[in-house]
Amino acid sequence: MSQEQFRGNPLLEGHTDRDGLAKYLHVTTRTIARWEKLEDGGLPRIELGGRVIYNIESVKRWLAKREHSFSLPTPRRRASAAA
C-alpha cells in the first residue's frame, strides 16, 4: 500500500505506508522501522488495524526538528612562547 492507494479516502489522504515512506525518503524500510524506535518517541506513526501508516506532514515536521546546522570550527590560537 502506498500514498496513491489512500487517494480518494478523505480520512487517509496525505498518508502513506512504510514502503511508500521509504521510497519517498530514499531509505530502506528497515531504516524507517529503526527510526520508529528512537528514544525521543521516534518517527510519528499511526497504528491502524494492525498496519502502520504515516502522515506525511507529521513526518516532515519530525525531520525538521532533527535538522542540525553545522559551522566550521574556529581556528585555535597558539599559546605564545614565553620570551
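**Exercise 1.** Determine in which sense β2 and strand β3 pair, and over how many bridges.

*Solution.* Step 1: β2 and β3 (residues 51-55) are antiparallel partners joined over three bridges; two strands pair if DSSP finds at least two bridges between them. Strands are DSSP runs of E with at least two residues, helices are runs of H or I with at least four, and both are numbered from the N terminus. Step 2: Leu48 has Arg51 of β3 as its bridge partner.

The model is predicted, with local features needing pLDDT of at least 70 and side-chain atom pairs pLDDT 80 or more, while totals for chains, interfaces and linings use all residues. Residues are numbered from 1 along each chain as its sequence is written, and side-chain values use heavy atoms, without hydrogens and water.

**Exercise 2.** State the strand order of the open sheet and identify the strands at its edges.

*Solution.* Step 1: the three strands follow the order β1-β3-β2, with antiparallel pairing. Step 2: β1 (15-17) and β2 (46-48) each have a single partner strand, so one side of each lacks a neighbour in the sheet.

**Exercise 3.** Describe how helix α2 and helix α4 pack, and name the residues in contact.

*Solution.* Step 1: α2 (residues 18-25) and α4 (residues 56-65) pack at about 50°, their axes 12 Å apart; axes are lines fitted to C-alpha atoms, for helices over the stretch in contact, and angles run from 0 to 180 degrees between N-to-C directions. Step 2: the contact (heavy atoms within 4.5 Å) involves Leu21, Tyr24 and Leu25 of α2, and Ile56, Val59, Lys60 and Leu63 of α4.
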